[in-house]
Amino acid sequence: MALSIRLSRGGSKKRPYYRIVVADARSPRDGKFIEKIGNYNPLLAKDAENRIVLDTERAKYWLSNGAQPTDRVARFLDVAGVRERAARSNPNKGKPGEKATERAEERAEKLKAQEEAAAAAAAPAAEEAPAADAETTEA
């Protein structure tokens, strides 16, 4: 039986409250579980001491029995010092996709063409203005 240490959602609409449970990996998220080993209340301040309550001894026991924590629970276990979590690095995560990059390039080209057209339209007007001033001074 594959064991999982994961969150089980409780609370009400827009007021989540999670239990940290050990469950069979095939059971539903809020369904049957084997043991409750803690709580997580995301509505509390991040520095509140009862935001995450975790029974570290039971967590160690279940980890030694092959339970696999989910990513969120692995973060909690790392903070509690139970199990070290390797830092993930995905430098391409923030980059826009291929189509978004193409659209941005097209927008930049259009903007550059508009600026050049505006500059070209302003240049003859500037050249005509001094000539018109010269004609008025000669007369």
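An open sheet of five strands, in the order 4-3-2-1-5 with mixed pairing, features in this predicted model. Two strands count as paired if DSSP finds at least two bridges between them. Strand 4 (52–54) and strand 5 (68–69) stand at the edges with a single partner strand each, so one side of each has no neighbour in the sheet. The protein chain holds three helices and five strands. Helices (H or I, at least four residues) and strands (E, at least two) are DSSP runs, numbered from the N terminus.

**Basis of the model**
- The model is predicted: local features need pLDDT of at least 70, side-chain atom pairs count only at pLDDT 80 or more, and totals for chains, interfaces and linings use all residues.
- Residues are numbered from 1 along each chain as its sequence is written, and side-chain values use heavy atoms, with hydrogens and water left out.

**Overall layout**
- From the N terminus on, the elements run β-β-β-β-α-β-α-α.
- Of the 139 residues of the protein chain, 22% count as buried.
- Buried means under 20% relative accessible area, exposed means over 50%, and partly exposed lies in between (1.4 Å probe, protein chains only).
- The areas come from the Shrake-Rupley method with a 1.4 Å probe, and for residues only the protein chains shown count as cover.

**Strand pairing**
- Strands of a sheet pair through backbone hydrogen bonds, either parallel or antiparallel.
- Strand 1 (residues 3–12) pairs with strand 2 (residues 15–24) in the antiparallel sense, over ten bridges.
- Ile5 has Val22 of strand 2 as its bridge partner.
- Strand 2 and strand 3 (residues 35–40) run antiparallel and are joined by five bridges.
- Here Ile20 stands opposite Gly38 of strand 3.
- Strand 3 and strand 4 also run antiparallel, with three bridges between them.
- Tyr40 has Ile52 of strand 4 as its bridge partner.

**Salt bridges**
- A salt bridge is a side-chain nitrogen of Lys or Arg within 4 Å of a carboxyl oxygen of Asp or Glu.
- The count by this rule is five.
- Arg29 and Asp30 form one of them, with the closest N and O atoms 2.7 Å apart.
- Arg29 is partly exposed, at a relative accessible area of 49%, and Asp30 is partly exposed at 38%.
- Glu35 and Arg58 meet in another salt bridge, at 2.9 Å from N to O.
- Glu35 lies in strand 3 and Arg58 in helix 1 (residues 56–64), so this pair ties together parts that are 23 residues apart in sequence.
- Arg58 is partly exposed, with a relative accessible area of 29%.
- Asp71 and Arg75 form a salt bridge at 3.6 Å, N to O.
- Both Asp71 and Arg75 lie in helix 2 (residues 71–80), four residues apart, about one turn of the helix.
- Asp71 is partly exposed at 32% relative accessibility, and Arg75 is partly exposed at 35%.
- Salt bridges with shared partners join Asp71, Arg75 and Arg85 into one network.

**Negative surface patch**
- Glu98, Glu102, Glu105, Glu106 and Glu109 gather in a surface patch of negative charge.
- Patches are made of residues with over 30% relative accessible area and no salt bridge; like charges are joined within 9 Å, and nonpolar side chains (Val, Leu, Ile, Met, Phe, Trp, Tyr) within 5 Å.
- Lys and Arg count as positive, Asp and Glu as negative; His and the chain ends are not counted.
- The place of a charge is taken as NZ of Lys, CZ of Arg, CG of Asp or CD of Glu.
- Glu105 sits in helix 3 (residues 98–138).
- Glu105 is partly exposed, with a relative accessible area of 48%.
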